[in-house]
Amino acid sequence: MSNLLLSYLNKRMSEKEVVKKSTTFIAGPVITISREVGCNGVKLANRIANHLNSQTPDARWKVISKEVFLKSAEELKMDPEQVRKILYQHEKYAFEDILKAFSDKNYKSDRTIGKTMKGVILQIATDGNCIIVGRAGHIIAQHIKHALHIRLIAPLDYRINTIMNNNKLTHDEAVNFINQVEKERLAFRKAVLKQDPKYELFDLTLNRAAFSDEEIMELIEYAAVKKHVFKY
């Protein structure tokens, strides 16, 4: 799936100059999903995309999350795992990491990587018919008119239980996992955005523990139609 999606992204990115010159092109539609750790954002996004594709088969909605690392790494001529490590590094590099970085001819600074990543995400959002999970998508795509920005939250116990079930972890391991991922997400935002925004505005904030997947899907699609992000 990732290889097919990467091929699609390559094709779309190669067309971006044509898009820029088009006077009739309209950015989007795009849905961004920001979520607390343990809210199953990607799982929900896939269900929404499948349902939208069943309703509007010509649109071909797709879910974007880890794929931005693959596309950014390709443009930077770097290993995707190296890109991920640099963007998620929430502590200072060890001395041996610094030496290794400078000895790598393909090494790029975190500023360059962050700028590339932001450009990739913005282009994907602009191309439209996508659901971007995380990756600060709601901030990067905030100026796109045909966009719906969702925030998923849930009580800590709910999120701990979700992580325990998804990853087969103990309670303490799940708590540590949540704390670790939250640190990594903060590091990613700092690397890509360079500063934390003072205000983060969402069109809709939903408590995962209060609604079923089907109910949340209905609410998101209803909000998207009401905001004129798309129509059936």
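Leaving aside its neighbours within four places in sequence, which residues is His-149 in contact with?

Author: The model is a predicted one, in which local features need pLDDT of at least 70 and side-chain atom pairs count only at pLDDT 80 or more, while totals for chains, interfaces and linings use all residues. Residues are numbered from 1 along each chain as its sequence is written, and side-chain values use heavy atoms, with hydrogens and water left out.

Once its neighbours within four places in sequence are set aside, His-149 is in contact with Thr-32, His-138, Ala-141, Gln-142, Leu-201, Phe-202, Asp-203 and Leu-204, where contact means heavy atoms within 4.5 Å. His-149 itself belongs to strand S4, residues 147–153; strands (E, at least two residues) and helices (H or I, at least four) are DSSP runs numbered from the N terminus. Because its relative accessibility is 6%, His-149 counts as buried, a word that means under 20% relative accessible area, with exposed being over 50% and partly exposed in between, for a 1.4 Å probe and protein chains only.

Thr-32, one of the contacts of His-149, stands opposite Ile-132 in S3, and the strands S1 (residues 30–35) and S3 (residues 130–133) pair in the parallel sense over four bridges. S3 also pairs with S2 in the parallel sense, over three bridges, and there Lys-62 stands opposite Cys-130. From S3, Cys-130 and Ile-132 point one way, whereas Ile-131 and Val-133 point the other way, and all of these are buried.

Another part of the chain shows how helices meet. The axes of H3 (residues 41–55) and H11 (residues 213–226) come within 10 Å and cross at roughly 60°, and the two helices are therefore oblique to each other, since angles under 35 degrees count as roughly parallel, over 145 as roughly antiparallel, 65 to 115 as roughly perpendicular and the rest as oblique. In H11, Met-217 is buried, with a relative accessible area of 9%, and, its neighbours within four places in sequence aside, Met-217 is in contact with Leu-44, Arg-47, Ile-48 and His-51. Met-217 and Arg-47 are 170 residues apart in sequence, yet 7.9 Å apart in space from C-alpha to C-alpha.

For the chain as a whole, there are 11 helices and five strands, and 42% of the 232 residues count as buried. Among contacts between residues at least 6 apart in sequence, 77% join residues at least 24 apart.

Methods. Axes are lines fitted to C-alpha atoms, for helices over the stretch in contact, and angles run from 0 to 180 degrees between N-to-C directions. Two strands pair if DSSP finds at least two bridges between them.
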